[in-house]
Amino acid sequence: EADVAEQVADVLIEYENLCMAKTFVIEVPSDIRTQMTDLATEMASFISSKADQEAINKMIRGNAEDVQYTDEEEEYYRGS
């Protein structure tokens, strides 16, 4: 998916440069806009999933010293 994202980014930069050179926005066909929207949604979901995985890994594999609890949390977990 990273390769696809890079390819899409390259195409979008090329499109932006073309619009800047012509000094107006070139209309993107409807079917291409739909594909771009679908791809952006998929990429956002992919990135979100990776961020979730990293957060969970940090929680599971993190150092015990890195976890800080408030006094209230400690009392709660101790059953006081």
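Q: Which residues is Met 36 in contact with, leaving aside its neighbours within four places in sequence?
A: Met 36 is in contact with Leu 12 and Val 28. Contact means heavy atoms within 4.5 Å. Keep in mind that this is a predicted model: local features need pLDDT of at least 70, side-chain atom pairs count only at pLDDT 80 or more, and totals for chains, interfaces and linings use all residues. Residues are numbered from 1 along each chain as its sequence is written, and side-chain values use heavy atoms, with hydrogens and water left out.

Q: Where is Met 36, then?
A: Met 36 sits in helix H2, which runs over residues 30-61. Helices are DSSP runs of H or I with at least four residues, strands are runs of E with at least two, and both are numbered from the N terminus.

Q: How far apart are the C-alpha atoms of Met 36 and Leu 12?
A: They are separated by 9.9 Å. Along the chain, the two residues are 24 apart.

Q: Is Met 36 buried, exposed or in between?
A: Met 36 counts as partly exposed, because its relative accessibility is 37%. Buried means under 20% relative accessible area, exposed means over 50%, and partly exposed is in between (1.4 Å probe, protein chains only).

Q: What about Met 43, buried or exposed?
A: Met 43 is buried, because its relative accessible area is 13%. Met 43 is also in helix H2. Its C-alpha is 9.0 Å from that of Ala 2, a residue 41 places away along the chain.

Q: New topic. How many salt bridges does the structure hold?
A: There is one. It joins the side chains of Arg 33 and Glu 27, at 3.4 Å from N to O. A salt bridge needs a side-chain nitrogen of Lys or Arg within 4 Å of a carboxyl oxygen of Asp or Glu.

Q: How open are Arg 33 and Glu 27?
A: Arg 33 is partly exposed, because its relative accessibility is 39%. Glu 27 is exposed, with a relative accessible area of 65%.

Q: Back to Met 36. Which residues make a nonpolar surface patch with Met 36?
A: Leu 12 and Ile 32 do, and the patch covers about 220 Å². Patches use residues with over 30% relative accessible area and no salt bridge, joining like charges within 9 Å and nonpolar side chains (Val, Leu, Ile, Met, Phe, Trp, Tyr) within 5 Å. The areas come from the Shrake-Rupley method with a 1.4 Å probe, and for residues only the protein chains shown count as cover. Ile 32 is partly exposed, because its relative accessibility is 33%.

Q: How long is H1?
A: H1 has 21 residues and reaches 30 Å from its first C-alpha to its last. That is close to the expected 30 Å, which is 1.5 Å times one less than the number of residues.

Q: What comes just after H1?
A: Thr 23, with a positive phi of about 60 degrees. A positive value here falls in a residue other than glycine. Thr 23 lies in the loop between H1 and H2 and is exposed, because its relative accessibility is 70%.

Q: What does Val 25 touch, not counting residues up to four places away in sequence?
A: Tyr 15 and Cys 19. Val 25 lies in the loop between H1 and H2.

Q: And H3, how many of its eight residues are buried?
A: Zero, so H3 (residues 71-78) lies largely in the open. Just after H3, Gly 79 has a positive phi of about 85 degrees.

Q: Which element has the lowest mean pLDDT?
A: H3, at 79, while H1 has the highest, at 88. pLDDT is the predictor's confidence in each residue, from 0 to 100. The protein's mean is 83, and 90% of its residues reach 70 or more.
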